[in-house]
Amino acid sequence: MTASLAFSNLACVRGGRVLFKGLNATLGRGDALLLTGPNGVGKSSLLRLIAGLLPAYAGTLTFEGRLALSDENPALDPRLPLAKALGYWAGMDGTGPMAVSAALEALDMTRLAEVPVRLLSTGQRRRANLARVLASGADIWLLDEPGNGLDTASLALLERAIAAHRAKGGIVVVASHQPLGLLDAQTLALEAAE
Amino acid sequence: MKAFLAILGRDLRLSLGSGGIGLPVVFFLLVATLYPFAVGPDGALLAKTGGGVLWVAALLAALLPIDRLIAPDAEAGVLDQYAVRGVGEEMIAAAKITAHWIGFGPPLMLAAIPASAMLRLDGETLAAVELGLLAGTPGLAALGVMVASLTAGLRRGGALAGLLMLPLAIPLIIFGAGSIGDFGGGALRFLAASSLFLVAVAPFAAGAGIRALRE
């Protein structure tokens, strides 16, 4: 993987209000960036901005590699069995069923593969959301509160998956309240803009 | 192209699974059944007005699935995931229009056959209705997806969608119903032209609507 992600002097305006401004970061192979700060400070907006879902008000953003985003929306068809629902996105990403079973394996969800998404619990849905990112084969992971609703065992699996992704040269950007075991990650503390 | 086919396949599967195809057809047949009860069993009157009734029924049937077209995908984050993967909004809209048309155009054309029997339409009129539906339903599908994407972000968007869509469908219904008694084919050509215009414009309008949903 030759992933890179850099932004400088990044600003975001939503609803006529400055959410943040002057944000800088440079990430290379295997780097991780942890976004911290109080609610409503723009962590999710920054992730959506990097993902291309929001326009930047000012500043520059460059990246190399494919992106994958995990936010609070599952984007999985509730009626389909989990593996099929994930398979839809894996097919679009060009990775296929092998990547899906590997992702389910990594998050200890293999036995849920045939269970319809609507029957999954909140925490399982959260893990399914992360499995979609794992199965995407993307170079840059954008994770919005990935630890929400996860039990201790699942949290450990998530940390291991992130570590494995970074070891392969991938980049992770995480917005999280919970302390996640990210080895030598850069931290970007967002503050409320006046 | 791969994304287009994937989205088309998914939307078709969803409309098949949720009874999205059956509902407009049942509604269409219901109108055709109720109309003779309302105006009486006068065969000549039914045959004279039946074609127009089928067009009104087709238009209202096209309205039924509108709140399923865009809003659930927007809420579930599916549209965001397309965007992260770099799938163009116009492409999404075009795929959704195609899927929506397959889901209600051909089924309505099939349903028009029993409906025409209930309305005492002769074979010639039925042929004109079928030809008109073939030309007009793509326009209705395009209009449906366009209006659905513009109202997806609103509460009670479904009711507003009807108010928005029906006036825009007036050319289709005028030329559609007009094509029945008109053997010169002029109305059918106007119908096809209005339908083509909507099909050409809708992906861009709906694409802009989908982009605006992210804000």
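How many residues does the contact take from chain B and from chain A?

## The contact between the chains

The contact takes 17 residues from chain A and 13 residues from chain B. On the chain B side, the elements giving two or more residues are α1 (2-17) and α6 (78-84) of chain B. Of the elements on that side, α6(B) contributes the most, with 5 residues. Sorted by class, the side of chain B that touches chain A has 6 nonpolar, 3 polar and 4 charged residues. The model discussed here is predicted.

## Helix α5 of chain A

Helix α5 of chain A covers residues 152-167. At 1.5 Å a residue, its 16 residues should span 22 Å, and the end C-alpha atoms are 23 Å apart, which agrees. The buried residues in α5(A) are S154(A), L158(A), A161(A), I162(A), H165(A) and R166(A). Viewed down the helix axis, the buried residues of α5(A) fall within an arc of 135°, so they line one face of the helix. An α-helix has 3.6 residues a turn, so residues three or four places apart point the same way. T152(A), A153(A), A164(A) and A167(A), on the other side of α5(A), are exposed.

What do the buried residues of α5(A) pack against? Their partners in chain A are the strands β3 (32-36), β6 (140-144) and β7 (171-175), together with the helices α3 (97-106) and α4 (122-136). After α5(A) comes G169(A), with a positive phi near 100°.

## Helix α1 of chain A

Helix α1 of chain A runs over residues 43-50. Because 6 of its 8 residues are buried, α1(A) is largely enclosed by the rest of the structure. Those buried residues are K43(A), L46(A), L47(A), R48(A), L49(A) and I50(A). Just after α1(A), G52(A) has a positive phi of about 90°.

## Helices α2 and α3 of chain B

Two packed helices are described by the angle between their axes and the distance between the axes. For α2 (residues 22-39) and α3 (residues 43-63) of chain B, the axes come within 9 Å and cross at roughly 145°. This crossing of α2(B) and α3(B) is right-handed.

From α2(B), the residues in the contact are P24(B), F27(B), F28(B), V31(B), A32(B), Y35(B), P36(B) and V39(B). They meet L45(B), L46(B), V53(B), L54(B), A57(B), A58(B), L60(B), A61(B) and A62(B) in α3(B). The contact of α2(B) with α3(B) holds 17 nonpolar residues, no polar and no charged.

## Helices α7 and α8 of chain B

Helix α7 (residues 89-118) of chain B packs against helix α8 (residues 123-151) of chain B at an angle of about 145°, and their axes are 8 Å apart. The crossing in which α7(B) passes α8(B) is right-handed. Residues of α7(B) in this contact include W101(B), F104(B), L108(B) and M109(B). By class, the residues of the contact of α7(B) with α8(B) divide into 16 nonpolar, 6 polar and 2 charged.

## L163 of chain B

Helix α9 (residues 157-168) of chain B contains L163(B). Is L163(B) buried or exposed? With 10 other C-beta atoms within 10 Å, L163(B) is exposed, since a residue counts as exposed at 12 or fewer. L163(B) and V147(B) lie 16 residues apart in sequence, and their C-alpha atoms are 9.8 Å apart in space.

Definitions and conventions:
Residues numbered from 1 in each chain as written. Chains lettered and ligands numbered in written order. Predicted model: local features only at pLDDT ≥ 70, side-chain atom pairs only at ≥ 80, totals over all residues. Helix = DSSP H or I, 4+ residues; strand = E, 2+ residues; numbered from the N terminus. Expected span 1.5 Å × (residues − 1). Buried ≥ 20, exposed ≤ 12 C-beta atoms within 10 Å, placed from the backbone. Arc of directions from axis to C-beta. Contact = placed C-beta atoms within 7 Å. Axes fitted to C-alpha atoms, helices over the stretch in contact; angles between N-to-C directions. Left-handed = near helix turned anticlockwise from the far one by under 90°. Nonpolar A, V, L, I, M, F, W, Y, C, P; charged D, E, K, R; others polar.
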